[in-house]
Amino acid sequence: RGAMRVKRARKVRKYLRFYRTCHGFRAPYKVLCDGNFLHAVASMKLGEAGDVLAKYLGSSSKLFTTRCVQHELKHMSAEFKQASLAARRLDCVLGGPDPPAKAFDSILAAVDKNNSERFLVCTQDEKLRRLLAKNSPFVPVIFCHTSGLQMEPPADAAGSGVASQLEKMASMPQNERDVLGQEETARDVQHVKTNVRYAKPKARGPNPLASKPKTVKEPRAGAVTPAPGEKKKRKRRGGAGGE
C-alpha cells in the first residue's frame, strides 16, 4: 500500500510539472470543485476538501465552485447536505450561466477559452471527465478513487516528445539553463513556441603549443655522432648471461 501511495505521488508531480511547463500553471493552484466531488470527499470521510487537495498537490490551493453547483446541491436530498455546506464556504467563479442552469454547463463555461484562469477541475462526473480530456487539453482533472485522489493523465502529453523535453528543461537548475542560453516558453504543446538562443563560439587564435618552433637538441659532450646512413648502436642494459 505504501508503494502505491509513493507511485501516485510521483505521477501527480510529473503531471503537474507538465502543466506548469507547457500551460503556465503555478502554485498556489486554483481548484474548481463540482457537487459530486464534494459529496465524494464527504461520504468517503477524507476530511476537508481544501486540506485533502493541498496534501495531494503538495501545495496550498484556493478552492472555487459555481453558483449553479451551489444551487443544485441546495435542492438535493439530505444525503448531500454536507456537500452543500462545503460548497457554500467556497468562492464562486465570476460570470458563467445563472441558476438554475446545469452545474455541468457552468463548469465547462468556467474553463472555456483554453482555461485562461488555469483551473484544476475536481469532478466525479465521468461524462465531464471524458469531455474535458477530449476537448480541453489545458484542464487538469482530479477525481476521488477508493485509494484516494487521482489525476487524469494529460491528454496532449502522450507521445508528443515535446512534453518530455520540456520537463527535462523544467527540472534543470537555473544556472545550467543560463549557461546554455536557452529560453523556453510554451503554452500549447501542439503549437509550441520556443525562443532558443545558443551562445556563438568565439573566434580563437592558433594553438601556441602547435605553432611553437621545434628546437634542435645539441649533442652532449663526448657523444659520438653517427655518420649519415649509419645506424645508431644501442647499449644493452645489464650484463649478458654468458659473460
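Predicted model: local features only at pLDDT ≥ 70, side-chain atom pairs only at ≥ 80, totals over all residues.
Good morning. I begin with glycine 148, which is buried, having a relative accessible area of 14%. Throughout this talk, buried means under 20% relative accessible area, exposed means over 50%, and partly exposed lies in between, with a 1.4 Å probe and protein chains only.

Residues are numbered from 1 along each chain as its sequence is written, and side-chain values use heavy atoms, with hydrogens and water left out.

Glycine 148 belongs to strand β6, residues 148-151. Helices (H or I, at least four residues) and strands (E, at least two) are DSSP runs, numbered from the N terminus. The C-alpha atom of glycine 148 lies 9.4 Å from that of valine 41, although 107 residues separate the two along the chain.

The protein chain contains 10 helices and 8 strands. It has 243 residues, of which 33% count as buried. Taking contacts (heavy atoms within 4.5 Å) between residues at least 6 apart in sequence, 65% join residues at least 24 apart.

I turn now to the sheet. Strands of a sheet pair through backbone hydrogen bonds, either parallel or antiparallel. Here, 6 strands form an open sheet with mixed pairing, in the order β3-β2-β1-β4-β5-β6. Why is one side of β3 and of β6 left without a neighbour in the sheet? Both strands, β3 being residues 91-92, stand at the edges, and each has a single partner strand. For two strands to pair, DSSP must find at least two bridges between them.

Strand β2, residues 61-65, runs parallel to β3, and 2 bridges join them. In one of these positions threonine 65 stands opposite cysteine 92, and phenylalanine 64 has aspartate 91 as its bridge partner. Strands β1 and β2 also run parallel, joined by 4 bridges; lysine 30 stands opposite lysine 62 in β2.

Helix α4, residues 67-74, also meets these strands. Its buried residues are Cys68, Val69, Gln70 and Leu73. They pack against β1 (29-33), β2 and β3, and against the helices α2, α5 (81-88) and α6 (103-110).

Next, the open spaces. What is the volume of the largest pocket? The largest pocket holds about 570 Å³ of space. It is lined by 17 residues, and those closest to its centre are Arg5, Arg8, Ser147, Gly148 and Leu149. Our opening residue is therefore among the residues closest to the centre of that pocket while it counts as buried. The elements giving two or more residues to the lining are α1 (2-23), α3 and β6, with α1 giving the most, 5 residues. By class, the lining has 8 nonpolar, 4 polar and 5 charged residues. In this count Ala, Val, Leu, Ile, Met, Phe, Trp, Tyr, Cys and Pro are nonpolar, Asp, Glu, Lys and Arg are charged, and the others, Gly among them, are polar.

On a 1 Å grid over the protein atoms alone, a cavity is a set of points where a 1.4 Å probe fits but cannot get out, whereas a pocket is an open set with protein on both sides within 12 Å along at least five of seven lines; lining residues have an atom within 4 Å of a point. Grid points are joined across faces, edges and corners, and a volume is the space filled by probe spheres set on the points. The largest cavity has a volume of about 70 Å³. Its lining includes Tyr19, Leu132, Glu152 and Pro153, and divides into 8 nonpolar residues, 1 polar and 1 charged.

Finally, the cysteines. How many disulfides does the structure hold? The structure has 0 disulfides, a disulfide being a pair of cysteine sulfur atoms within 2.5 Å. Cysteine 122 is buried, at 0% relative accessible area, and its sulfur is 4.5 Å from the closest cysteine sulfur, that of cysteine 33, which is too far for a bond. Cysteine 144 also counts as buried, at 8%. For cysteine 144 the closest cysteine sulfur is that of cysteine 122, at 7.9 Å, again too far for a bond.

Thank you.
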